[in-house]
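Please read the sequence alongside the structure shown below.

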Amino acid sequence: MINKIACFLLVVWGQNACSQVQERTTINGKIASVGSDLEGVYVINAKTEAMVMTNASGAFSILANVGDTLVFSSIQFKEKRVLLTADNFSDINFTVKLSMVMNQLQEVVVRNYNGINAVALGIVPNGQKTYTQAERRLRTATALDPEANSENGMAGGSISMDPLLNFFSGRTAMLKKEAEVEKKEAFMKLLERMFTLEHFVNVLKIPSEYVKGFEYYAVENDKFTVILNSKNKTSTEFLLAELATKYKEMIASEIK
């Protein structure tokens with residue numbers, strides 16, 4: 001008797017589950033923002049993991065149900081999650097407003113520094129650009145104007161012939177390359193802090209011996225380093241997946 005009841009409940013549960021799956025319908029909507037580039041935004045159903053992308057006008061269509069959560073993410077916009085209600089399905093003008101990533105970054109800068117910085121303390125003159133160590137060496141080696149030389153510790157701000165000698169000797173090119181390498185190394189460290197080796201191997205399916213090469217490949221992409229520097233992990237992960245697909249095609253052709 002108990003077994004019959006259990007079987008009956010299992011059948012009923014299965015029918016209800018199938019009914020719920022069948023109830024999932026297409027919801028149509030669009031995104032809106034102060035930016036004009038609305039194409040290519042990822043729209044993901046967090047429950048089913050179904051994913052679509054918006055068209056040039058920002059419109060999208062995706063299978064969903066009341067209670068599902070839609071995740072909106074892209075390089076240019078801040079990630080947003082929307083819990084769907086019955087009204088969303090009946091609303092012919094269902095619109096999701098997104099915020100530009102730049103606005104998010106500005107808020108982070110204000111919150112982190114809180115008005116206390118080298119300029120406010122009088123350590124660095126207002127308006128003066130700051131440089132990394134490699135960039136300072138490059139600036140010193142290439143600056144002909146007295147002000148630039150004075151900034152870098154040259155007595156009296158006199159004009160030096162060193163920049164010309166550096167140019168002809170090739171030292172300037174070497175210092176430019178060093179400054180560029182320094183930036184790439186910083187991006188590499190940031191990438192490795194955001195994603196583990198297991199993510200590259202198990203999720204992106206990059207062979208372990210090719211992971212370091214893929215990291216170099218990724219940070220050579222200017223579009224990727226912009227979003228990587230924004231520290232928006234979701235957007236970074238999406239673009240990283242696209243680069244991984246291209247990289248795997250490259251190594252596959254080399255193996256052949």
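This is a predicted model: local features need pLDDT of at least 70, side-chain atom pairs count only at pLDDT 80 or more; totals for chains, interfaces and linings use all residues.

Strands of a sheet pair through backbone hydrogen bonds, in either a parallel or an antiparallel manner. Here, four strands make up an open sheet in the order β3-β2-β5-β6, and their pairing is antiparallel. The edges are taken by β3 and β6 (80-83); each has a single partner strand, so one side of each is left without a neighbour in the sheet. On average, neighbouring strands of this sheet are turned by 20° against each other, direction ignored. Within it, β5 (residues 69-73) and β6 run antiparallel and are joined by 4 bridges. Leu70 stands opposite Val82 of β6.

Another antiparallel pairing is that of β1 (residues 25-32) with β4, where 6 bridges join the strands. Ile27 stands opposite Ile62 in β4. In a regular strand, side chains alternate between the two faces of the sheet. Strand β4 (residues 59-64) has a covered face made of Phe60, Ile62 and Ala64, while Ala59, Ser61 and Leu63 are on the uncovered one.

Phe60 leads on to the aromatic rings. The model has 7 aromatic pairs. Phe60 and Phe72 form an edge-to-face pair, with 5.5 Å from centre to centre and 70° between the planes. Because Phe60 lies in strand β4 and Phe72 in strand β5, the pair ties together parts that are 12 residues apart in sequence. Both Phe60 and Phe72 are buried.

A further pair is that of Phe200 and Phe214, whose ring centres are 6.0 Å apart and whose planes stand at 70°, so this pair is edge-to-face too. It links distant parts of the chain, 14 residues apart: Phe200 is in helix α8 (residues 197-203) and Phe214 in helix α9 (residues 211-219). Phe200 has a relative accessibility of 1% and so counts as buried; Phe214, at 0%, counts as buried as well. Phe200 and Phe214 belong to one aromatic cluster with Tyr217 and Tyr247.

The loops remain. Which residue other than glycine has a positive phi near 65°? Glu49 is such a residue, and it lies in the loop between β2 (42-45) and β3 (51-53). Glu49 is exposed, with a relative accessible area of 67%. Lys231 is not a glycine either, and its phi is positive at about 65°. Its place is the loop between α10 (222-230) and α11 (233-255). Lys231 has a relative accessibility of 55%, so it counts as exposed.

Technical notes
Residues are numbered from 1 along each chain as its sequence is written. Side-chain values use heavy atoms; hydrogens and water are left out. Helices (H or I, at least four residues) and strands (E, at least two) are DSSP runs, numbered from the N terminus. Buried means under 20% relative accessible area, exposed over 50%, partly exposed in between (1.4 Å probe, protein chains only). Two strands pair if DSSP finds at least two bridges between them. Axes are lines fitted to C-alpha atoms, for helices over the stretch in contact, and angles run from 0 to 180 degrees between N-to-C directions. Rings of Phe, Tyr and Trp (its six-membered ring) pair if their centres lie within 6.5 Å; planes under 30 degrees apart count as stacked, over 60 as edge-to-face and the rest as tilted.
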